[in-house]
Amino acid sequence: MIAESLEKLFNEQILIENTASTEYLKLAIWCASNGFDNAAKFFFKQSEEERGHMLKLVHYLIEREGKVVIELPKNREQKIEGIFDVLQAFYHNELNVTKSVNALVSAATASGDYNALQFLQWYVQEQHEEETQARSLIEKAKLIGNEGPYKYLIDQMLADAEGK
Ligand code: OFO
């Protein structure tokens, strides 16, 4: 059975992943409404992946006889005025997720819950990959710049990223 203090943090992480899923859905809708079809596809997929991350935590908590609490995603104010804002929002969201995953890992370590620690390694690795991807998309978008056919090129860049 999972400790109450960890159960609370797992539920917070469930909310964070649920919020990320909603945030990426909003980014996907913005992209789809502004002619970035490939970027939209990328963020629709990201949104589904985040839901998967949430469900993975939900199932784990049930297996550990924890109580799952589902709260509505936090509605953060995000001003999206262009594709660069979309990429920044993606990166900042992933940084936040990493912060909470790290806090969860620290708490699992402190309570000597090696089962939870092992389970959480997947999230540590996932955050490494997601942060790296988001940062690299921003760097590439900077190289493309915001003149000429940049919208097409950035959308193409996200088509390549989506295929990965
Ligand atoms: Fe689940 O937040 Fe990144 O991947």
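**Reading rings, charges and cores in a helical model**

Guide: Let us begin with one aromatic cluster, which is formed by Phe10, Tyr60, Phe119, Trp122 and Tyr123. This is a predicted model, in which local features need pLDDT of at least 70 and side-chain atom pairs count only at pLDDT 80 or more, whereas totals for chains, interfaces and linings use all residues. Residues are numbered from 1 along each chain as its sequence is written, and side-chain values use heavy atoms, with hydrogens and water left out.

Visitor: Are Phe10 and Phe119 buried or exposed?

Guide: A residue is buried under 20% relative accessible area, exposed over 50%, and partly exposed in between, with a 1.4 Å probe and protein chains only. Both Phe10 and Phe119 are buried. A further pair is formed by Tyr24 and Phe43, whose ring centres are 6.1 Å apart with planes at 55 degrees, so this pair too is tilted. Because Tyr24 lies in helix α1 and Phe43 in helix α2 (residues 37–63), the pair ties together parts that are 19 residues apart in sequence. Tyr24 is buried, with a relative accessible area of 0%, and Phe43 is likewise buried at 0% relative accessibility.

Visitor: Which residue lies over the face of Trp122?

Guide: A charge sits over a ring if NZ of Lys or CZ of Arg is within 6 Å of the ring centre and within 35 degrees of the ring normal. In this model Lys56 lies over the face of Trp122, at 4.5 Å from the ring centre, and Trp122 belongs to the aromatic cluster with which we began.

Visitor: How many salt bridges does the structure hold, and where should I look for them?

Guide: A salt bridge is a side-chain nitrogen of Lys or Arg within 4 Å of a carboxyl oxygen of Asp or Glu, and the structure holds four. Among them is the bridge between Lys8 and Glu12, with closest N and O atoms 3.2 Å apart; both residues lie in helix α1, four residues apart, which is about one turn of the helix. Lys8 is exposed, with a relative accessible area of 54%, while Glu12 is partly exposed at 38%. The side chains of Arg64 and Asp113 also meet in a salt bridge, at 3.0 Å from N to O. That pair links distant parts of the chain, with Arg64 in the loop between α2 and α3 and Asp113 in the loop between α3 and α4, 49 residues apart. Arg64 and Asp113 are both buried.

Visitor: Which residues touch the most other members of the largest nonpolar core?

Guide: In soluble globular proteins, nonpolar side chains tend to be buried together. A nonpolar core is a set of buried Ala, Val, Leu, Ile, Met, Phe, Trp, Tyr and Cys residues joined through side-chain atoms within 4.5 Å. The largest one has 27 residues, of which Cys31, Phe43, Ile83, Val86, Leu137 and Leu158 touch the most other members. Helices α1, α2, α3, α4 and α5 (150–162) each supply at least two residues of this core. Ile83 is in contact (heavy atoms within 4.5 Å) with Trp30, Cys31, Phe36, Ala39, Tyr150 and Ile154, not counting residues up to four places away in sequence. A second, separate core of 19 residues includes Ile2, Tyr60, Leu104 and Leu117.

Visitor: What is Asn93 in contact with, leaving aside its neighbours within four places in sequence?

Guide: Asn93 lies in helix α3 (residues 83–110) and is buried, with a relative accessible area of 5%. With those sequence neighbours left aside, Asn93 is in contact with Ala20, Glu23, Tyr24 and Arg76.

Definitions and conventions
Rings of Phe, Tyr and Trp (its six-membered ring) pair if their centres lie within 6.5 Å; planes under 30 degrees apart count as stacked, over 60 as edge-to-face and the rest as tilted.
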